[in-house]
Amino acid sequence: MGQTAALKVETMVLGPIGTNCYFLVNEDTKEVLLIDPASSPERIGEKLKENQWKLAAILLTHGHFDHIGAVDQLKEQFQIPVYACRLEQELVEDPSINASDMILASITAHPDQWVNDLDVLKLIGTTIQVLSTPGHTVGSVCYYLPEQDILFSGDTLFAESVGRTDMPTGSAKQLLSSLREKLSPLPDHTKVYTGHGEDTTIGYEKKYNPYMGEI
């Protein structure tokens, strides 16, 4: 059996509505996955440089402007792949539906690795399972690391709350189904890194989140 990769997670809160941008770091190789680079590619680049981290790929949980603002510049600068759900292609590429108008901007991103539900990614020495969790948007996904019991939930699940469903491609019914069918079965001790706000655990949310609780 191979050794479990020594990973750590660091956070930068970026953009006009405080999006959590995560650096998933392999401490042995210094390879990094970037989850939801919201904005400020220069700040992200500086953090990579000062820690001597090697950016390996970008993972997107969904296509709203506040999660993709730095994608294309970082992709060009570091020549790395960008992963997103295939169902999210229209949203990431179309500023008229990805909520860019909230900040009077036109923001797009162009992933080149399209993933689907239950795909398994082997990146930076670990295994990442893609969980399709539509509801906040039709192509929202969470990234689950079973070896480390970590979940990056994007705007599907927050601490004691969930993402809104009143924007294009959103569905409250789908969101509740995603929570109950995809996230509730995960181990209670799974640490959840959310798209906005504080981190949490699956067990805590099953107990205190009215959208996810065993009602």
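Buried means under 20% relative accessible area, exposed over 50% and partly exposed in between, with a 1.4 Å probe and protein chains only. Helices (H or I, at least four residues) and strands (E, at least two) are DSSP runs numbered from the N terminus. The model is predicted: local features need pLDDT of at least 70, side-chain atom pairs count only at pLDDT 80 or more, and totals for chains, interfaces and linings use all residues. Residues are numbered from 1 along each chain as its sequence is written, and side-chain values use heavy atoms, with hydrogens and water left out.

**View 1. Strand β3 in its surroundings.** Four of the five residues of β3 are buried, so this strand is largely enclosed by the rest of the structure. Four bridges join β3 to β2, and the two run antiparallel. In that pairing, F23 stands opposite L34 of β3. The β2–β3 hairpin has four residues between its strands, and K30 takes a positive phi near 65° there. β3 and β4 run parallel and are joined by five bridges, with E31 opposite K54 of β4.

**View 2. The open sheet of six strands.** The strand order is β1-β2-β3-β4-β5-β6, with mixed pairing; two strands pair if DSSP finds at least two bridges between them. β1 and β6 (113–115) stand at the edges with a single partner strand each, so one side of each has no neighbour in the sheet. On average, neighbouring strands are turned by 25° against each other, direction ignored.

**View 3. Helix α1 on the sheet.** α1 packs on the sheet and touches β1, β2, β3 and β4, where contact means heavy atoms within 4.5 Å. The direction of α1 makes about 150° with that of β1. Axes are lines fitted to C-alpha atoms, for helices over the stretch in contact, and angles run from 0 to 180 degrees between N-to-C directions.

**View 4. The largest nonpolar core.** A nonpolar core is a set of buried Ala, Val, Leu, Ile, Met, Phe, Trp, Tyr and Cys residues joined through side-chain atoms within 4.5 Å. The largest one has 28 residues, and F23, L34, I44 and I58 have the most contacts inside it. Elements giving two or more residues to this core include β1 (7–14), β2 (19–26), α1 (41–51) and α3 (71–78). β2 supplies the largest share, three residues. Not counting residues up to four places away in sequence, F23 touches, among others, V9, M12, L34, I44, L48 and W53. Another core, of 22 residues, lies apart from the largest one and includes Y22, L24, I35 and L59.
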